[in-house]
Amino acid sequence: MLQATPTIAGMKMENPECKITVLVEKQFEAICHTIPNVDEVLSIDLGMTVRSLAREKEGLLDAYEYLSEVVEDLRERNFDYTLNMSSSAYTALLLSLLGIERRGGWAADPEGYRVIESEWAQLFATSVFHQNRQYNSLNLVDVFRCSADVEKHPNSLLINIGEEPKARAHALLKEMNFPDDGPLVMVQAGASQAKRQWAPEKFIQCIEKLTREQNCRVILSGTKKEQPIVDSIVQRSDRSRVFSVVGKTGIPELGALLEMSDLLITGDTGPMHMSVAAGTPVISLFLASAFGFETGPYAEGSIVLQPVIGCGPCNPNKACSRPECHDQISPELIAELAALRLRSDFTELPPALAATTGVVIYRTYFDENGFYDLKALNAEQNADMERYRDAYRRMWLDDLGGFELSSPAEKKHGLTVLTGEVDGLREVEKAAQEGQRLIQQLQRLIQDRTASPQLLGETGDDLTELDRNIEQLGFHHPHLGPLTRMFIFGKENISGTDATGLASQMLGIYQALERRSGKLGQQLL
Amino acid sequence: MDEREISDRMKADWDRRIAHDYRFWMSDGYQSDEIMWETGERDFAIVTRGIEDEHNKSIVEIGCGVGRLLRAALRRYGRVIGVDVSEEAINRVRELVGERENLELVLGDGLSLSQIAPKSVDVVFSYASLTSTPLDIFSRYLLEANRVLCDGGTLRLQIYLGTEQQVTGDDTLHLRCFAEENFRKAIAAAGFSIEWIEELELPFQVSFEEAGIIAKVGSFRKSGDSQLSYEAISQLLMPDGEPEEADAITGLEVECWMSLNYARELAESGDLERAQQTLDFAVAHAKSINLDVQDLLDQIVSLLEEKAEEQGASAEAPRSEAPTATLISGDSPYSANLEILRQRFPDVYRALLEPHGANSGEGVESRDTAEGPILLAHGQALDHPTAPVRGAENWVKAQLQQSDLSSLQQVVVYGFASGYHLESLLNLSPQSEVIVVEPSLGVLRQALHLRDLRHVLQKIAQLSLGALSSFEQKGEDGVSEFQQELFIRPQTATAFPEELKEVKSAYYGERGLKLLNPSMTVLGPIQGGTLPILQYTVHGLAQMHQRVRSLDMSCFAQGFSGIDQLVQDDNRQALARGKFSETLSDIVLEAANEKPMDILICMAQAPITGKALQELRDRGVITVLWFVEDYLRFPVWKYMAQYYDFVFTIQKGECLDAIKAAGAGEVHYLPTAADPLVHAPMELTAEERKRWGSPISFVGAGYHNRQQMFASLSGMPFKIWGTEWPHCKPFDRMVQENGRRLRPDEYVKIFNATDININLHSSTERDGVDPAGDFINPRTFELAAAGAFQLVDTRSLLGELFVPGEEIETFSDRKELVEKIKFYQEHPEARIPFIEKSRARVLKEHTYQHRLKEMLNTIYRSRYEQLKRKQKASPWTKIIERAEPFPELQKRCEVAFKRGEEANLDGLVADIVTGEGALSETEQKLLFLFHIRKQIIRMKSEEQVKS
């Protein structure tokens, strides 16, 4: 929800008169009350619904009755526009049940299939497709914002922290006899997945360095589940300057503590987003499946550490028994970066740190078009990947956003110009051209009433085969994956029943593939 | 209270009650001894239904009372033993029944049948007696019945099943009702297998559905000695035991209450002397109970005074004569009734005018009562014996009450009798269309003589004689099957039980097919020629829109044959096969656990053990065997029949008797058939004709008689297809494609490509045609359905299925076969009428759908109520009820239920997920729920991965 705040704020900026209602699953209701620009929060109790369904038999009726009540209630509100920020099939169906004509984000067609009408939303789906993730440098906050047609937006996530939570946070620190000297650093040590959990030992070393050398005061936050990790850190740290607030805060109090802090050290977590929303910079470790470009702290001046390792960022749904990426970030490096950031925001690293290898140290910033980006501060590593990422970024911003781009020579990376062609790109272009030829043939056959149905069928078969080849090219040449996946989403989301209209949409999709291939080639060469 | 005290209590209580009024306390028939004996006959017929060869059997009644049923038993059984704890009762039997050669009376100890030797009797029964005994006594008698019964002996019990009743252990009057599941466990533990348990239906209310108490009659076969104690049996019957304190009224209070009501009834009827006696009897109780009966007492006392005054005033008035039996006189409303019949039911009218046949009315009498004349058939009253009007009204009210239908559009009534109940029904449920089936022409004729029934004949919608001939028309004209009921007059049912079977078959069969929709599983064999019949059966049921699932065990064939490769010794092979079958049985049980079934149809040689079948039966599954093998060649039924509720065979006569004697519930003849979608005429290419065709062909295994006969046909253009043929001359040139097993689609090609198909039924013993051959093989139907010409050997059962010489051409020996082959080779045009007629006959009468319809009719006839109860207990029923505010959802639920889906979300969305077209709102909502659940399940599995 916090990641949606720039979009919500943008909607309000562009339509000051509008009333915004947020519909969330019940467990996220509390956080929504801290989000600015939201006029009303509604919740749906999916947990209860699923529990009813699990009872089977009559539980089915309970769930159905509950859903009918929810739908009825929502319909009575006569919304003018819906924006579906969830990619799940059920939210699309729910919104489709409301029958609101103007809609953004994920939707469902009359047959119940999910459709992604906006090309930006298709890019969202393309970018989170695991094989394509590392070729993406657009933060999902921006991609989603664009899919909702929101241009104006704040360059930060937003949160409202009331005076009462602040007072409670102060009282909490006082109650713990917290010293009032030295920088205040929060540490979110726990992670949602075991493979993203940096070892407590490493946190201990880092905290020890910060308390000893920087006279920092450290607060450890976490959920009840994370208590054992936090306790193991606190117990082996300087107890006079290191405190745990696990189980002592609600979301508003956590927000207040983050706002009071000077810095947060964390993984890719919820508190990371809260921290930047509260205006506090973060040093964030993007371990295992976490990917800084995708979900990094959406504010300028924070630090993102991304290990350089062949297997990362890994698949979020796969376990890892040897998370070697964890060892590529040392506690000392974090402590040193923290010390630097506590002093001030920086755009360059001291030479010793600039020479760090095995991990890319990024600083977060916004480009000239207001899109979030990361700038590497240490020695260039994995230049090929950075080049593709950059080329794709520019290509999408140009093709989907119409943003004017600086020439390749002015790119932020010192590019090595490729010699020869990009592997597979020519084949994709050719396939796109062949697709256009076939579609035009199809259009002729549709118009020609004397055309043999067999020929129509054969052309259809040829197109199916061609599409298969295009998808295949994306698998053969992983760097072309985003291009071909975007094509597939385009094909999947063609709508309507009229043959001419369908053919015309299909033609547009092949044309887009050829156009984008050309643009990508230009960016790369 | 220990058991001795309880048995003393039983003794004292029953002595007291019988001394007071033996008829009143003997359940039914308190009006007169005559009526008591009549009801005894009726109830004895119910409780011993289907037991054959009674004259050579011995029977024991536990709790015989004053001999109400015992008298009926004496006329039928060779040796009758009546046991009762009450001395008063035993003395009364002596007085009322007298000394009989075949009667032994035993004054019991209330705990055992100790005076009866072990394994010395054939049948033990108890009716309206053990139902009132305390739990431990009941359990003791179950074990005692097992002890005294000979092996395989029959126990018949009238019991109450349903909601367990909280009755204290010292109560000798309240009804005991057990949970059916517990009762089934207990009876099995007491050494009995359950043959059937059916609802008891009597002219008055015996079940109390609102309290969950359903009166039943059950038949149990002694399957072995029980090793358990009576305490263990009691534990199974009521795991929590009987309560120590009654939470409702006690037995004494019930006794008092019943007596008071009886006293009032007697007072109302003017029998003041007995009313006073009964009142005194009740008052003796009233002092020791907590029930406030003062109001009732006062009412009776004032009623007595009032009646005494009335009687004093009319002391001189002559008392009405006792009813006497009179024959119908010629002066009657017959002509007027007949005229209505002529106008409205001409078929029935014509039948009445025909010369009197066997069913002319012999044995039908009438008798006068205060409320009008009644009819009796062979001594059995067809109306209420003393109050036909009130009796009929009460019966109709009870029927309408029991019917849970809010609007009864159509009622089928079995039994016209004297028409009192029809008058009541037409009055009480005027919106119902009434269809009447009277099994006896004689009864109808006498009824028309007896009473002016024109108003009834004008109002009823249909009147059928004997069978429910036109019943299949129901459901049309907007009458929903859901709003029909069959009301069976118990008196007519008792008098004409066989006819009732047919009516039930017609009514429940059709209705069952449309409404019951039980979940059926068809279990096939591992291998062999029966395997295709599994597919045809499943296919046939599916075409009839039944919920059917196939358990095709042929996937285990390789493993099964692997045993022979690994183990050489015959005994060891048999042992290993047994173990293998046990494992397969376990797999079947697991499959049943996963997808519960209502009916299991096993094909012959299906790999399932008796234990597994019993377990399924204990869960309420109806077990069916379609034994499509020669019962003499495959005697497996000898030890398996007892585990089946229904066995269908392809043979008649001794086969049916033998399988029945082996313990099968019901045994019926059901020949095999053809599947017209598989066995059909087909166009063949020249290449196919060349490969599969021949002037003469035979498809089948190389049995002894076939080898012997076909060797002599080797000079003819004769192709043999099939397995188990010898690899020697002359067969080496006749047997095709190395004698491999053919698929059905392949042999249909052979049928079609052959001029003359020989069909010789197999025999392992005889040469050539088996002169004693009876059953018809599937090939006969398949060839006919495929539009092929066949020469089939004569079989005793063939004539019932085809007309030999007209629809099908036969041969009875080699000589005739050769002659006919030559003739039909020379006269191909002569084959055509046979081809056309035999195919037409198969399509009309001999497809698997016909057979399965008959099979289900038979099952539904006797198990309709059981399946209906199961259906009512189905979660779908409740869901459908609750979905009423959402008509589309409700419709979807009904369709999903009929389609056989499980009662869950998956079942409901199955066709949405796979369907096409725009979604309705209901479909969107269901899909929403479906996706949420899927998402949560996915998230949970991801969480597991992550942790």
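**Worked exercises: a strand, a sheet and a core**

**Exercise 1.** Find which residues B:S694 is in contact with, leaving aside its neighbours within four places in sequence, and work out why it counts as buried.

*Solution.* Start with the partners: B:P717, B:F718, B:K719 and B:T754. Contact here means that C-beta atoms, placed from the backbone, lie within 7 Å. Before going on, note that this is a predicted model, where local features need pLDDT of at least 70, side-chain atom pairs count only at pLDDT 80 or more, and totals for chains, interfaces and linings use all residues. Residues are numbered from 1 along each chain as its sequence is written, while chains are lettered from A and ligands numbered from 1 in the order in which they are written.

Helices (H or I, at least four residues) and strands (E, at least two) are DSSP runs, numbered from the N terminus. Then check the spacing: B:D755 is 61 residues away along the chain, yet the two C-alpha atoms are 6.7 Å apart. Finally, B:S694 counts as buried because it has 22 C-beta neighbours inside 10 Å; the cut-offs are 20 or more for buried, 12 or fewer for exposed, and partly exposed in between, with C-beta atoms placed from the backbone.

**Exercise 2.** Trace the open sheet of chain A and say which strands stand at the edges.

*Solution.* First, write down the order of the eight strands: β8-β7-β6-β9-β10-β11-β12-β13, with mixed pairing. Two strands pair if DSSP finds at least two bridges between them. Now look at the ends: β8 (242–244) and β13 (372–376) of chain A each have a single partner strand, so one side of each lacks a neighbour in the sheet.

Then zoom in on one pair. Strands β6 (184–188) and β7 (217–221) of chain A run parallel over five bridges, and A:V187 has A:L220 in β7(A) as its bridge partner.

**Exercise 3.** Which residues touch the most other members of the largest nonpolar core?

*Solution.* A nonpolar core is a set of buried Ala, Val, Leu, Ile, Met, Phe, Trp, Tyr and Cys residues joined through C-beta atoms within 7 Å. In the largest one, with 165 residues, the answer is A:V185 and B:L929. By element, helix α17 (residues 425–447) of chain A gives the largest share, eight residues. Leaving aside neighbours within four places in sequence, the contacts of A:V185 include A:L210, A:V218, A:L263 and A:I265. Another core, of 148 residues, lies apart, with B:F627 and B:Y864 among its members.

Technical notes:
Two residues are in contact if their C-beta atoms, placed from the backbone, lie within 7 Å.
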